[in-house]
2 protein chains.
Amino acid sequence: MLHKTLRVLENRATKLWLHNMIYRSSVKKTITTTSYCKIKEEVSKLLALKAQLGSEDAAPQKFVLKTAKGTRDYNPQQMTIRNNVLQKIITVFKRHGAECIDTPVFELKEVLTGKYGEDSKLIYDLKDQGGEILSLRYDLTVPLARYLAMNKINTLKRYHIAKVYRRDNPAMTRGRYREFYQCDFDIAGQYDLMVPDAECLKVVTEILDALDIGKYVLKVNHRRLLDGMFEACGVSADMFRSTCSTIDKLDKSTWDEVRTEMINEKGVTPDAADRIGEYVRLNGSIELADKLLQDEKLSKSKGAVEGLEGIKLLLNYCELLGIKDKILFDLSLARGLDYYTGVIYEAVLTQPIKIGNEDQTIGSIAGGGRYDNLVGMFDSKNKQVPCVGVSIGVERVFSVLEAKLAAGDISVRTSDVDVYVASAQKNFLDERMKICAELWNAGIKTEQSYKKNPKMLNQLQHCEENGIPLAVILGESELKRGLVKIRNISTRQEEEVPRENLVQELKSKIELLDIKEMNGPLAK
Amino acid sequence: MLHKTLRVLENRATKLWLHNMIYRSSVKKTITTTSYCKIKEEVSKLLALKAQLGSEDAAPQKFVLKTAKGTRDYNPQQMTIRNNVLQKIITVFKRHGAECIDTPVFELKEVLTGKYGEDSKLIYDLKDQGGEILSLRYDLTVPLARYLAMNKINTLKRYHIAKVYRRDNPAMTRGRYREFYQCDFDIAGQYDLMVPDAECLKVVTEILDALDIGKYVLKVNHRRLLDGMFEACGVSADMFRSTCSTIDKLDKSTWDEVRTEMINEKGVTPDAADRIGEYVRLNGSIELADKLLQDEKLSKSKGAVEGLEGIKLLLNYCELLGIKDKILFDLSLARGLDYYTGVIYEAVLTQPIKIGNEDQTIGSIAGGGRYDNLVGMFDSKNKQVPCVGVSIGVERVFSVLEAKLAAGDISVRTSDVDVYVASAQKNFLDERMKICAELWNAGIKTEQSYKKNPKMLNQLQHCEENGIPLAVILGESELKRGLVKIRNISTRQEEEVPRENLVQELKSKIELLDIKEMNGPLAK
């Protein structure tokens, strides 16, 4: 205890001393030399005391074993779920020709500065250990913009699946962690209006269909329309962004709550708020856009008209792509992030998901939009690379599937082993090893016990627990006749086959099993 | 400039002020109240000046755009190489029934404390932002041990592929980074001697064969034999570990250099060093182990005999697994890490790799060993879970393949797109979109231009640059006749097919191309 306190004090004193040094050289003599000497003296005393206590590393480990707050390990079942989900998503990304990139887990702190508004306080910083000042990445969008600007890339269609870090209040049961996956698809480049934007929506539908996670709707809106709407309602331009983030809360709060916040916290007049209230209640399709283009107030706002024309074009493309019935033009959709400049979208599950006997409401499962000015923030000449993209909320998908697993609604196999090499008799390790090597060399997924003389019951139990469908069973009498037994674990049928045909026999049995499994619940 | 300087000063002053606050409350009145007030006053002045300059977020970003020292982005080509390599490795891991786990990128600092000896200084710490004290993971072995102990798991065969972090001197041209991949396979559990240990070696051979990266040898040795050897040569027990890390340098240094370090820095007597020198020159196979069991000095050391018996058993199992000719029992192999307790191994490429016109020597490409006491360090009752494992040096593999790519020895395709939907005429975007949607829905990897009226030349060029084998070409006259053209990009042959048969026609053409590609250089 004394040791720990001293360490804390020592750290603080050292830091103070260092800062004094830096401060003195820059601000000059703000601190009297006397107090500076006192600090230095105090540090020396503490260091001497620490030396008496001896090396810290030699002390035994006694602390609560846990992962860092808001983080978790993925066990083999969770990894299997995660990999299955990501594999399905990657298949869709690749179907659209997306390339894959990766960036370091930390960036220079300056790269992240000024990109996240109020949320900047949630960024994890690395300790200054001499050298550059670094922070953990907060999302994958800012690293993409940095990557494009740094490498002077003008066009890219990429996906990026990686962990990001936020010092947020974790709500782990609802799948909200401090370390979590993002799964992004973005199209960068100067193209014709709404063509890549529509493809992003098509990508989201293909992913949600592949994940088969329930009915959904893709809400779309346009930042220019929102701005135009605020303008038309009498909100001043400098209040657009903050009003926008209040509107964003409409998915969780009632209109009355949002109205109150607008008036009391954002300084919107009650009249303006009520006018906004009329608009954000509206949703529909291309007919609504047409109607709003005739709206007396909106039609006078250049931004609103631009946004509405954009939405019309987008909805038209969605029809051509065959996804019109999944799209909802919704004036209440706002999205919190500052950097969006054009279309914004959000996919929402419209039905609760059944987990065991309970219904769980999931809500938003993907979101994104157009951000045309972010790359320019990194370019010395402010050269823009327009971008549009979408992020899939995979953590929510993981947590739904993990809950289903826990409720017994689904099952997962954490290894793909097809064959277990077993023996009922003693001293068969050598023979087992030879057969395992033969099967591995033939590409057959094979396991055996690491014990010299394992019990038959334990070996069969391992097969059952791990879903291994086939066992090769070695016995002295069979081997003498040049035979081995193949056992089907679930049917318990056994069959003797010639030792030299073993690989061939197993391969055809596995092929048959694979065909059957294609109709299984996890393979689809 | 003024703005930046002020910002720096302000940060420092604020920190200083905060530290003074903390310091005062703990060490009490070391600083005179006068100097404290002066600092506070100075901070206020700076803050006022800053307010005059306006919000920082509005200022343009002016700093050198780069990734953090020792890290890099992976571009699509590098990602393709990386994913191909990892896929081959995962296939082998799964063939042996390994399950996959993942752990957070940071751990409580205490978890890493006292595990890495001198190298602890290379650990990245996170800034103390209130809450737990965290560090980035340094390897995947300690997180595995923490995972096993925390969840009270006694048996596990797992692989883990993830990035780890070391504040080392980067040598990026040689594939040494501060952020890099580790790729680990470990077997935890109380089993019979050398059975899982031998399987680890089999796994390494399968991986190196699959990567087809050149001839290699798997060196093996035993920590108990090394200890016994030191004992037999007259080194005292407390110097075993430090002598061992000197021996570990034999792959890069001459015997004379190692001998000098042993004598001058580690305090080994010249006589003892010379006796060690006799042993570490030896390498061979099971015959060498037999011979050493007869060795006058070694046969008296319990550790040496145990190590030699272990090596004999391991070599015997390697013969059964059919990998005997790839194994070399080598007394100079030591491995730096403290935590090994039994067999140790290292895979070394025996020939330089040809990159362009140059030969590059790679050396070590995988390594590992048995560590039976690490899990117990995390258990309050010191309960042990014996482990053995191997780590594949994938960064070296990546850097070899990237160099080959740069030298033009290999090529990679960064997207899998099979079909490009194009048109020579204007106003065909609607028709292109409908066809793209149809192909995507049929699972065909498809792209099109995001421009309304792209030039034919640009569209075909995109196909050639990206290795897209087929193009669907839409024209008014063909469509009127209910036809579309399919163009083979490399042969430039075009063929008209009925519009309604398009999906079917494309699928059979892609199937043919896939069969051809299986003989290509990247598919093996």
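1. A charge is said to sit over a ring if NZ of Lys or CZ of Arg is within 6 Å of the ring centre and within 35 degrees of the ring normal. In this predicted model, the charged end of Arg82(B) is placed over the ring of Tyr74(B), 4.6 Å from its centre, and in chain A the charged end of Arg166(A) sits over the ring of Tyr138(A), 4.1 Å from the centre.

2. Confidence should be kept in mind when reading chain A, whose pLDDT averages 88, with 87% of the residues scoring at least 70. Residues 16-34 of chain A stay under 50 and have 38 contacts beyond four places in sequence, while residues 47-60 of chain A, also under 50, have 9 such contacts. Where pLDDT is low, the predicted coordinates should not be read in detail.

3. Chain A is superposed on chain B by a rotation of 180° with 0.0 Å of shift along the axis, at an RMSD of 0.0 Å, which is the relation of a two-fold axis. The same surface serves both copies, since 100% of the contact residues of chain A recur in chain B.

4. His96(A) lies in the loop between helix 3 (76-95) and strand 1 (99-100) of chain A, and counts as buried because its relative accessibility is 0%. Beyond its neighbours within four places in sequence, His96(A) is in contact with residues of both chains, including Lys157(A), Phe185(A), Glu199(A), Trp440(B) and Glu447(B).

5. Over all chains the structure holds 23 aromatic pairs. In one of them, the ring centres of Tyr339(B) and Tyr371(B) are 5.5 Å apart with their planes at 55°, so the pair is tilted; both residues are buried.

Key
Residues numbered from 1 in each chain as written. Chains lettered and ligands numbered in written order. Predicted model: local features only at pLDDT ≥ 70, side-chain atom pairs only at ≥ 80, totals over all residues. Heavy atoms only, no water. Helix = DSSP H or I, 4+ residues; strand = E, 2+ residues; numbered from the N terminus. Buried < 20%, exposed > 50% of the residue type's maximum accessible area, 1.4 Å probe, protein only. Contact = heavy atoms within 4.5 Å. pLDDT = per-residue confidence, 0-100. Least-squares fit on C-alpha atoms with pLDDT ≥ 70 in both. Phe/Tyr/Trp six-rings, centres within 6.5 Å; stacked < 30°, edge-to-face > 60°.
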